[in-house]
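Open the model in your viewer and keep the sequence panel beside it. We will go from stop to stop, selecting as we go.

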Amino acid sequence: MRLVVIGCAGSYPSAEAAASSYLVQADDADGRTWNVLLDIGNGALSPLQRYGDPTALDAVAVSHLHSDHVADLVVLNVLRRYRPDGPLPAVDVWGPEGTQQRLADMAGKDPATELDGQFRFRTWDPAAPVRIGPLTLTPVPVEHPVPAFGLLVAGPSDEDPSRDVTLGYTGDTDECPGLDTLARTDLLLCEAGFRDGLDDHVRGIHLTGARAGAAAARGGSGRLVLTHLTAWEDPRDVVAHASRAYAGRIDVARPGAVFTL
């Protein structure tokens with residue numbers, strides 16, 4: 001299983017990175033590569049064409065409906081629909097209840113009919129993991145001002161395909177039981193959108209570097225990748241705060257980075 005960072009900027013695209021979007025890839029026993037996109041926020045369609053293939057997606061998994069995690073589904077529809085050789089087959093889009101209406105509101109005129117042609121909308125059920133090729137996605141409810149899910153992804157190891165590995169993607173969350181579930185993984189892709197020492201009193205929205213590190217330590221994460229950092233935060237400071245609680249390897253997500261599990 002491989003994790004490709006498409007976009008990782010917090011809350012809005014920065015000068016260097018699109019908003020949240022991550023491509024998970026895994027090869028099945030026949031050598032076929034499966035592609036699942038975790039979120040596709042503002043500006044992410046551009047780097048998706050550089051680091052992945054928008055025409056080869058097997059599913060899109062949406063953590064929640066804030067625009068920095070879902071907005072570019074609207075323009076992904078355009079790319080897939082208006083091709084010289086004809087529209088692509090519809091792809092499953094998994095998300096919270098109301099995903100289709102949210103996109104329809106953003107898309108404008110006659111959106112429901114058009115979006116239906118490219119996307120089959122599915123609603124997350126935490127009791128019903130989703131199988132996509134060799135990958136299994138389990139939605140995990142997390143703490144955010146809108147209905148939100150982290151995603152627990154299990155799939156074959158690149159080094160030993162007979163062994164499954166796990167990826168925990170937090171989406172946006174504060175500390176909660178769901179975060180601890182996601183942290184019990186080989187790699188925790190964890191947001192740290194708030195600043196230690198400045199935003200500590202604001203709860204129920206985002207994690208800080210310290211909270212992210214503490215979650216990784218509690219869960220025994222094999223590796224911590226920090227993402228969703230704001231443009232005004234120095235990544236070195238976020239890593240320093242996280243490392244006070246977590247002694248394992250810490251990386252900061254960058255566009256185009258590939259993490260192999």
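Buried means under 20% relative accessible area, exposed over 50%, and partly exposed in between, using a 1.4 Å probe and protein chains only. This is a predicted model: local features need pLDDT of at least 70, side-chain atom pairs count only at pLDDT 80 or more, and totals for chains, interfaces and linings use all residues. Residues are numbered from 1 along each chain as its sequence is written, and side-chain values use heavy atoms, with hydrogens and water left out.

**Stop 1: the cysteines**

Select Cys 176. Is Cys 176 buried or exposed? Cys 176 is buried, because its relative accessible area is 13%. A disulfide is a pair of cysteine sulfur atoms within 2.5 Å. By this rule there are zero disulfides. For Cys 176, the nearest cysteine sulfur belongs to Cys 190, 10 Å away. Now select Cys 190. Cys 190 is buried too, with a relative accessible area of 0%.

**Stop 2: the sheet**

Helices (H or I, at least four residues) and strands (E, at least two) are DSSP runs, numbered from the N terminus. Two strands pair if DSSP finds at least two bridges between them.

Zoom in on strands 9 and 10. They run antiparallel and are joined by six bridges. Val 153 has Leu 167 in strand 10 as its bridge partner.

Contact means heavy atoms within 4.5 Å.

**Stop 3: His 144**

Where is His 144? Look in the loop between strand 8 (135-141) and strand 9 (149-156). His 144 counts as buried because its relative accessibility is 10%. Show its surroundings. Leaving aside neighbours within four places in sequence, the contacts of His 144 include His 64, His 66 and Asp 172. The side chain of His 144 also reaches the backbone oxygen of Ile 205 at 2.8 Å.

Note on methods. A polar contact is a pair of N or O atoms within 3.5 Å; within protein, one must be able to donate a hydrogen and the other to accept it, and residues adjacent in sequence count only if both atoms are side-chain atoms.
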